[in-house]
Amino acid sequence: MCIIKQQGVHMKNLAAQALAFQYKLQIDNASGLLNNNNAPLNSLDAAITDIVLANQKLQLLNKLVAESNPKEIDTPESK
């Protein structure tokens, strides 16, 4: 039974890492759009929204992981 529980925790950690990677990729993509001088304003607004939402999701994910595991996932604020 203990092995199954450990596998469940491991799977949750892998899922959290995958989500964190996805959110960081969203932030990187949106940041690239912000650096584009020819981007229309609505695209810039969407990019800012994407960055804010992905950042909030990363913070929440970090909180959830920290509650179940002392090892946190890096966020832009923790660097």
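Of the chain's 79 residues, 24% count as buried (under 20% relative accessible area; exposed is over 50%, partly exposed in between, with a 1.4 Å probe and protein chains only). This is a predicted model, with residues numbered from 1 along each chain as its sequence is written. Local features need pLDDT of at least 70 and side-chain atom pairs count only at pLDDT 80 or more, while totals for chains, interfaces and linings use all residues; side-chain values use heavy atoms, with hydrogens and water left out.

**View 1. The whole chain.** Among contacts with a separation of 6 or more, 47% come from residues 24 or more positions apart (contact means heavy atoms within 4.5 Å).

**View 2. Helix H2, end to end.** H2 runs over residues 41-68, and its 28 residues should span 40 Å at 1.5 Å a residue; the end C-alpha atoms sit 41 Å apart, which agrees (the expected span is 1.5 Å times one less than the number of residues). Buried residues in H2 include Leu44, Ala47, Ile51 and Asn55.

**View 3. The largest nonpolar core.** Eight residues belong to it: Ala16, Ala20, Tyr23, Ile27, Ala54, Leu58, Leu61 and Val65. H1 and H2 are the elements that give two or more residues to this core. (A nonpolar core is a set of buried Ala, Val, Leu, Ile, Met, Phe, Trp, Tyr and Cys residues joined through side-chain atoms within 4.5 Å.)

**View 4. Zooming in on Tyr23.** Tyr23, in helix H1, is buried, with a relative accessible area of 12%. Leaving out residues up to four places away in sequence, Tyr23 touches Ala54, Lys57, Leu58 and Leu61. Leu53 is 30 residues from Tyr23 along the chain, yet their C-alpha atoms are separated by 8.8 Å.

**View 5. Around Leu44 and Leu34.** Leu44 lies in helix H2 and, neighbours within four places in sequence aside, is in contact with Leu33, Leu34 and Ala39. Leu44 and Leu33 are eleven residues apart in sequence and 6.8 Å apart C-alpha to C-alpha. As for Leu34, this residue of helix H1 (residues 2-34) counts as partly exposed, at 34% relative accessibility.

Definitions and conventions:
Helix = DSSP H or I, 4+ residues; strand = E, 2+ residues; numbered from the N terminus.
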